[in-house]
Amino acid sequence: MDGLEQDLAALSALLQAPPEDDSVRELYGELVDRYRDDPDSLAKLRPFGDQIRQLEADGRLPSTLVVRAPRARGPGR
């Protein structure tokens, strides 16, 4: 199992029994940051974001705001 598959498995496990804290959103945000330069990996993450939003809408996952550190700006950005 490669790194992405392990990360997706960890996120999936959290979503099976969502905790009351913001750990699901935190992990999802970390993964989006980690794989931001890999469109294929981001495409695999996108359905998890959809699932998180649905769980929030259904009231099964607390709706939270995750604050991340500012991103470094690279050349041409």
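1. Salt bridges, taken as a side-chain nitrogen of Lys or Arg within 4 Å of a carboxyl oxygen of Asp or Glu, number five in this predicted model. For local features a pLDDT of at least 70 is needed and side-chain atom pairs count only at pLDDT 80 or more, whereas totals for chains, interfaces and linings use all residues. Side-chain values use heavy atoms, without hydrogens and water, and residues are numbered from 1 along each chain as its sequence is written.

2. One of these bridges joins the side chains of Glu56 and Arg25 at 3.1 Å, N to O. The pair links distant parts of the chain, with Glu56 in helix 3 (residues 39-57) and Arg25 in helix 2, 31 residues apart; helices here are DSSP runs (H or I, at least four residues) numbered from the N terminus. Glu56 is buried at a relative accessible area of 16%, and Arg25 is buried at 18%, where buried means under 20% relative accessible area, exposed over 50%, and partly exposed in between (1.4 Å probe, protein chains only).

3. Asp50 and Arg53 form a salt bridge at 2.7 Å, N to O, and because they lie three residues apart in helix 3, about one helical turn separates them. Asp50 is partly exposed at 44%, as is Arg53 at 41%.

4. Arg36 and Asp33 also form a salt bridge, their closest N and O atoms being 2.5 Å apart; Arg36 is partly exposed at 31%, and Asp33 is partly exposed at 28%.

5. Leu27, in helix 2, is buried at 19% relative accessibility. Leaving aside neighbours within four places in sequence, Leu27 is in contact (heavy atoms within 4.5 Å) with Ala10, Leu11 and Leu14.

Methods: Helices (H or I, at least four residues) and strands (E, at least two) are DSSP runs, numbered from the N terminus.
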